[in-house]
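Welcome to my notebook. I jot down here what I looked up, one topic at a time.

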Amino acid sequence: MNPPNIVFIITDQQRYDTIAALGYPHMDTPHLDRLVREGVSFDQCHVTAASCAAARASLFKGYHPHTTGILKNADRWRHSWIERLNAAGYYCTNIGKMHTWPYLTELGFHERFVVENKDRFLEGRYFFDEWDKALRFRGLVKQQRELYRLRDDYQNALGAFDWLLPEDTHPDVFVGDMACWWLDSTPKKDRLFLQIGFPGPHPPYDPIPRYAQPYLDKDLPLLPVTDSELESLPPALKELRVHNSEIDHDSVLMNLHPTQQQRHRQRAYYLANVTMIDEKVGQIMQSLERNGYLENTIVIFTSDHGDCLSDHGQSQKWTMYEQITRVPMIVWAPDRFRGGRHVDALVQQMDLGPTILQWAGIEVPEDMEAVSLAGAFDGDGSDFVGREFVYCEQVQDAVLTGCKFMTMVRDKTHKLVHFLDEPDGQLFDLIADPEELTNLWDNPAASEHKERLLAELREWRIRSGVQTKDWCQDWR
């Protein structure tokens, strides 16, 4: 079979529990449900970083953040394995968010139609992307933090606001429509790599109202937050709560003790944005079919990390809970792989890199830390064992100000979160406590698992340093 086209759809900040077919019936996601029914879903896919740029750079390079040196937003990154696809004859196009820095770096793409964060404030505040230009051409001013701050309900909205401009100017609608336009108006490519990056459901949580109302009327699952859980938080995460209650990152001002009504409304608006994106995914699939791409195309759907949405008393990301590290990852190609399957082995999201290179017939660098998932697609995938451990990292930045560096290591039974140079940490028994409510860090009965995972963390970093010693030799 000829090398496939690759259509890589990435949302921003989408939790695993946001797709009906993955076991969450409160969701309305018929088009993503189709990808799950006909594709292969990785039910334990974990990202390598707890913020946008670090996670994306790791994904598109195939190395952990501590190896790439890209640890936070606005860390420069200009190279990726997309360059290898380009050199092998793939036509590479980006429509929407990638979160490179600078935003317009080539990264291996022939064409880029950049649409970045909805509410850029800390970096790129005066960078005008395709969406900004379209709004300006229509004489519109985008909804943004400065305007939201003028609202009487800003202090209590938890970042949830109605989209009041014309529907087609919403950034996720704009990106989805642009992807369809590009497919419909560009001559068909022999080998296509198309990355489509939706800015949502990243906050502000600003869906078109008609999508929000059905979720406002539903009983949505909200994880209870108790005083005992908050008291057991490591100091860095206690500080993070206070920080997010005082500074409105992405238009989200976190109430330290939000009401059930506030939490429900925030969750409804977030989930409504997912349904909006789902609708656009369906239209993109129609465009692919209309333009003759589906016969030899692999469609990948995933997200760069999740969102606590006030679970665990936390706002957005920057923590290592499952709500952040675990994301949906679906691979759809009925002509190539038997669909309707769920893979429960642990994988890192960056493992997609060598897998895509393998599908394209391109040599995978020997020192790449990502590991090919190709075995999961052989036959029924029953021989695929995945990883024994997965890892996630986050450096101190403008938001996570209470620690220097945070690292997570997780296997199938336990998770440990380590804070550099700090005596406190987190340890969870994922079998007895899947919601991660009871911190066992100081529990003597769990000391064996604590020492086991700390040892693994040490060996992993040493192993990583040796394996990747030459990864950047061309740029030394």
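**Pockets.** I began with a definition: on a 1 Å grid over the protein atoms alone, a pocket is an open set of points where a 1.4 Å probe fits, with protein on both sides within 12 Å along at least five of seven lines, and lining residues have an atom within 4 Å of a point. This is a predicted model, where local features need pLDDT of at least 70 and side-chain atom pairs count only at pLDDT 80 or more, while totals for chains, interfaces and linings use all residues. Residues are numbered from 1 along each chain as its sequence is written, and side-chain values use heavy atoms, with hydrogens and water left out.

Which residues lie nearest the centre of the largest pocket? I found R15, D17, Y24, Q323 and E435, out of 22 lining residues. The space in this pocket comes to about 470 Å³, counted as what is filled by probe spheres set on the points, with grid points joined across faces, edges and corners. I sorted the lining into 10 nonpolar, 4 polar and 8 charged residues. (Ala, Val, Leu, Ile, Met, Phe, Trp, Tyr, Cys and Pro count as nonpolar, Asp, Glu, Lys and Arg as charged, and the others, Gly among them, as polar.) Helix 11 (260-290) and helix 12 (322-325) each supply at least two lining residues, and helix 11 gives the most, with 3. Helices here are DSSP runs of H or I with at least four residues, strands are runs of E with at least two, and both are numbered from the N terminus.

Next I looked at the second largest pocket, with a volume of about 370 Å³. Its lining has 15 residues, and Y63, R84, P365, W471 and W475 are the closest to its centre.

**Helix 1 on helix 11.** I saw helix 1 (residues 30-38) pack on helix 11 at about 60 degrees, with axes 7 Å apart. Axes are lines fitted to C-alpha atoms, for helices over the stretch in contact, and angles run from 0 to 180 degrees between N-to-C directions. Helix 1 is therefore oblique to helix 11, since angles under 35 degrees count as roughly parallel, over 145 as roughly antiparallel, 65 to 115 as roughly perpendicular and the rest as oblique. In contact (heavy atoms within 4.5 Å), P30, H31, L32, R34 and L35 of helix 1 meet D278, E279, V281, G282 and M285 of helix 11.

Last, I followed an open sheet of 4 strands, ordered 11-12-13-14 with antiparallel pairing. Strands pair if DSSP finds at least two bridges between them.
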